[in-house]
Amino acid sequence: MKRDYSKFPNDACGDSLWRMVVEDDDLTKERDLEFIVIFETEDEAMKFGEHLLFNRQKVLLCDNDSEDYPYFIASTVSMIPRYEIILEYERLLEKYASPLNGKNDGWSCYVCK
């Protein structure tokens, strides 16, 4: 199978989606995607989490194994895993995380066949 770079660009998101295709994942099926945003302080993470909760998002505050960013918020959203949709949500997260010194740190989901 040959990779279509217009659907699966050469970046982390495109690479992840392409791996899913190679593993026979059905990318037309909606599922929960978990987005990770990392923070330097617990207070910054909590403020970000409050914003997501206010907007009816599922969130979880966790400790991170990083000295520089010891906290993260996991935001779970149900969606069809398409490149444009994922990037749009990551941009939205970044918009609210950046003023709090937060950074996107990827996403994950379960394989659907």
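## A buried aromatic pair

Phe39 is buried, because its relative accessible area is 0%. Here, buried means under 20% relative accessible area, exposed means over 50%, and partly exposed lies in between, using a 1.4 Å probe and protein chains only. Phe48 counts as buried too, at 1% relative accessibility.

A search of the whole structure finds three aromatic pairs. In one of them, the rings of Phe39 and Phe48 have centres 5.2 Å apart and planes at 45°, so this pair is tilted. Rings of Phe, Tyr and Trp (its six-membered ring) pair if their centres lie within 6.5 Å; planes under 30 degrees apart count as stacked, over 60 as edge-to-face and the rest as tilted.

## How the model is described

This is a predicted model, in which local features need pLDDT of at least 70 and side-chain atom pairs count only at pLDDT 80 or more, while totals for chains, interfaces and linings use all residues. Residues are numbered from 1 along each chain as its sequence is written, and side-chain values use heavy atoms, leaving out hydrogens and water.

## The nonpolar cores

Which residues touch the most other members of the largest nonpolar core? Of its 25 residues, they are Leu17, Phe35, Phe39, Phe48, Ile86 and Trp107. H1, E1, helix H2 (42-54), strand E3 (71-79) and helix H3 (83-97) each supply at least two residues of this core, and the largest share, six residues, comes from H3. A second, separate core of six residues includes Ile36, Cys62, Phe72 and Ala74.

A nonpolar core is a set of buried Ala, Val, Leu, Ile, Met, Phe, Trp, Tyr and Cys residues joined through side-chain atoms within 4.5 Å. Helices (H or I, at least four residues) and strands (E, at least two) are DSSP runs, numbered from the N terminus.

The buried residues of H1 include Cys13, Leu17 and Met20. Its buried residues pack against E1, H3 and strand E4 (103-109). Just after H1, Asp24 takes a positive phi of about 65°.

Asp25 lies in the loop between helix H1 (12-22) and strand E1 (31-39). Is Asp25 buried or exposed? Asp25 is buried, because its relative accessible area is 7%. Not counting residues up to four places away in sequence, Asp25 touches Met20, Arg31, Tyr110, Val111 and Cys112, where contact means heavy atoms within 4.5 Å.
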